[in-house]
Amino acid sequence: MALHPRAASVPAGTPTRITQGSQTRGGIGESTLRPDGTLKVTGEFAYSSDMWHEDMLWGHTLRSTVAHAEIRSIDIGEAVATPGVYAVLTYDDLPAAMKNYGLEIQDTPVLAHGKVRHHGEPVALVAADHPETARRAAAKIRIDYAELPVVTDEASATAPGAVLVHEGRTDHHIGHVPHPNIVHRQPIVRGDADAAAARADVIVTGDYVFGMQDQAFLGPESGLAVPSEDGGVELYVATQWLHSDLRQIAPVLGLPEDKVRMTLSGVGGAFGGREDLSMQIHACLLALRTGKPVKMVYNRFESFFGHVHRHPAKLRYEHGATRDGKLTHVKCRIVLDGGAYASASPAVVGNASSLAVGPYVVEDVDIEAIALYSNNPPCGAMRGFGAVQACFAYEAQMDKLAAALDMDPVELRQLNAMEQGTLLPTGQPVDSPAPVAELLRRVKARPLPPEQQWLSADADGSSVDVRALPGGLSNTTHGEGVVRGVGYAVGLKNVGFSEGFDDYSTARVRMEVINGEPVATVHTAMAEVGQGGVTVHAQIARTELGVSQVTIHPADTQVGSAGSTSASRQTYVTGGAVKNSCEAVREQVLEIGRRKFGTYHPAWATAELLLESGKVVTDGGEVLASLADVLEGEAVDVELEWRHRPTEAFDLRTGQGNGHVQYSFAAHRAVVEVDTELGLVKVIELACAQDVGKALNPLSVVGQIQGGTTQGLGVAVMEEIIVDPRTAKVRNPSFTDYLIPTILDTPTIPVDVLELADDHAPYGLRGIGEAPTLSSTPAVLAAIRNATGLELNRTPVRPEHITGT
Amino acid sequence: MRVNFTVNGRKQEADDVWEGESLLYVLRERMGLPGSKNACEQGECGSCTVRLDGVPVCSCLVAAGQAEGREIVTVEGLADYARHRDDAHPGAGCAAGTCGTSLDQAKRRQAGPPDEQGAEAAELSPIQQAFIDAGAVQCGFCTPGLLVAADELLETHPSPSDQDIREALSGNLCRCTGYEKILDAVRLAAARQEETVR
Ligand code: FES
Ligand code: FES
């Protein structure tokens, strides 16, 4: 804490008019800089893989080499005998009766027992004095697998006599699913799609395939577990939701929750991939067994097995419209592959179905979404959460429909665009601004980037900068065979946890005087995963409390739950909790002020009072006292929970229900150049327009939109986890083979931010993190189709799809 | 084995190093310099980039033994390196003893007022400050490697074109930002550098 000279305090009772614009700096709406920025650029910020403890051991996980097998035996003899090894644990060593965990369904074994259900499932653990010793000892564990047939898609999952991935299911979805290899099914029926189809002048159908995407956050799964004297454990870890981890960890350790103390350590990105547990329980088990601190850090290979991925999907759509372009109906069926364990699959199904027609007005719909159990890698949360796969398909359909009607694809979208008041397929009205047509207008109105930027005139006529062409420095073309295309897409994402989930957050705010300066401390359990929540919390506290000094307390389980850093919800919900707690603190501060100084000036009793620039002022701008004087010797401390308005579950038969809290909208225009000879794509520009309700920190907002856009670009042209359909083994678990966009693959991303307040949300804000990931993929696909004239119904588009080889 | 090298201007010696250990491991786990990051440990992401005798390398691909007798600059020494860039021995310094890392310190996150953030500017190298100012840091895991690579780019190409920047940073993955603000940061640092020269 820097020392500040004590601000000259204004004697109580001396009215002073403060000039306009003198409100506390660094409040909401300003592009204040990250409080952790300096630590992050100097290398001092402690990420979970940077944790270190005197005398610590290294943990390592042994994972199955096959996708589906019975485990006949495990021989750990040689591993245990390896010098430097302190513990080798298998299923038999689990200390409590509870041996599984899971976000919604407790179907995931801490360590495989009897069976493995996917390639890379954890089977045994080793703790040793060097990471390499642990790895080598793990390699000496001998496992006898009796391989079983694999379930890899809907046909093999539901065929007569199909192997059941989970026998004897008892979860609450089993009663309504048509087959035990289906995790959850959500139909949504509204109006009469068949009757509406009869009125359609044009009907288009399409089958779409969405590949398995990986979150590919850079900071590996890692953390440090330290056994504590009371028999409990302290865990320093990177996660998206400390309290959700805690609820899953404590029962399998056989400990009460208060003996598992969790502190968030630096998180190197998350994007949904840290919603499920990875090494948390394993590190704690090893620490409790050895009595020593244990650090675990996945390498990239293990990281691909250590977290769930985005559900790959097969989607079949039928759209109908009248001659003048009005949508008559949409029918669709979405099959999501959830892999071996349920993770967030049920909620992903709810999202995919309820958002299946996108931001359009359609009265008559017939929708079905299911998630499968299979022996493929488990899938769960990733940025966009079920809405991404649907958006890819319905936007392709809108282009197809426009072509069939001979209409401009943007005009067709605008003609059918949702507005405030439009009903979702679930019957829920969208009761906040829904500027779908306007967002499309904005990306379309933007001037197109100049053609053939790779051509630059020189003395002899013209020269080519191959770096700007598809293929880049590989020098694959000098422009012959390169064609340009432009494509548009728009998407609809829900904000927050839906379907009746009690989606609350907690914040503790303390205000006191330190060295003569009023200082606010904000303590929440919010996981800062890079999104900038810590920045906006400080901004909110400055705005509400009129102080410039705000300390962000590290996130831990010593304060109530903040819920997950996902579903674009944290600024809404934890931001709302911080705001709410600050308001309560303000009231108490004013109470103290009235007690101390109320007799000096009548305004204390009569005027609307505000806290600004370290002072108590009236709404007329008169300064009554400095906060330092009011608070001298006293501290105000408030911890409150905060909830947004409730939602309800979707009806299991009709899908009707007010299931969502808020909506987020983004539109993209993609401009691509395609080398049609080699099938290489270069995205030239990917412009985005998004409504954010209120930009609390414009710099961070734009950064989030650009990052989300780039992840959507990645899945459009390169990102896919490839699973062998015969063996269900993962073929490309490395950054050599799973490609994410580099700076050379990523175009300029101009961002147009719209701020139409949602009256239900704190400051009118909207969740922003996910929407840009929805529409960027179909926009790029549309642009490639526009350039090549090909149908291209799967993502990612690979060169062979373009060249037809 | 024992390895002797210079890290951020300080002579260092590591004992009991196993031959297979990478320079990245020795820096992070033996020297207490976790600033260089371990995102892939297979030479694909650039998060571990350090300068080895001035040349940016992926420290995860350098065997610790290869660093014997050589000079290494990590992100922890970047500000000091930038200050001494014109000296005969780049990187020599760190007299203040501030190049090391205290995890305790790292755990503290304080959100001072905006002007205070500016006041800290003097401590940072121009590229570090530009990354903060341009909003190029989100989760920040890619940042140390990008900073080392970008600092070297600006040392050799004081006014790089966008294509130059893209080429120079193409070995550094970032999953959060979409790179646009990273480009902004490098442009900003270059512009500020030019102004200082004038
Ligand atoms: S950690 Fe060295 S290149 Fe990725
Ligand atoms: S990887 Fe997170 S900021 Fe670059």
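Two residues are taken to be in contact when heavy atoms lie within 4.5 Å. The structure is a predicted model, in which local features need pLDDT of at least 70 and side-chain atom pairs count only at pLDDT 80 or more, whereas totals for chains, interfaces and linings use all residues. Residues are numbered from 1 along each chain as its sequence is written, chains are lettered from A in the order in which they are written, and side-chain values use heavy atoms, with hydrogens and water left out.

Within chain A, Glu318(A) belongs to strand S16 (residues 313–321), strands being DSSP runs (E) of at least two residues and helices runs (H or I) of at least four, numbered from the N terminus. Beyond its neighbours within four places in sequence, Glu318(A) contacts residues including Ala197(A), Ile203(A), His329(A) and Gln397(A). Glu318(A) is buried but has no salt bridge, and Lys331(A), the nearest side chain of opposite charge, is 4.2 Å away. Buried here means under 20% relative accessible area (1.4 Å probe, protein chains only), and a salt bridge places a side-chain nitrogen of Lys or Arg within 4 Å of a carboxyl oxygen of Asp or Glu. The side chains of Glu318(A) and His329(A) are joined by a polar contact of 2.8 Å, that is, a donor and acceptor pair of N or O atoms within 3.5 Å, with residues adjacent in sequence counting only if both atoms are side-chain atoms.

Between the chains, 68 residues of chain B are in contact with 86 residues of chain A. Six salt bridges are found across this interface; Glu719(A) and Arg175(B) form a salt bridge through their side chains (2.7 Å, N to O).

Note on methods. Buried means under 20% relative accessible area, exposed over 50%, partly exposed in between (1.4 Å probe, protein chains only). Lys and Arg count as positive and Asp and Glu as negative; His and the chain ends are not counted.
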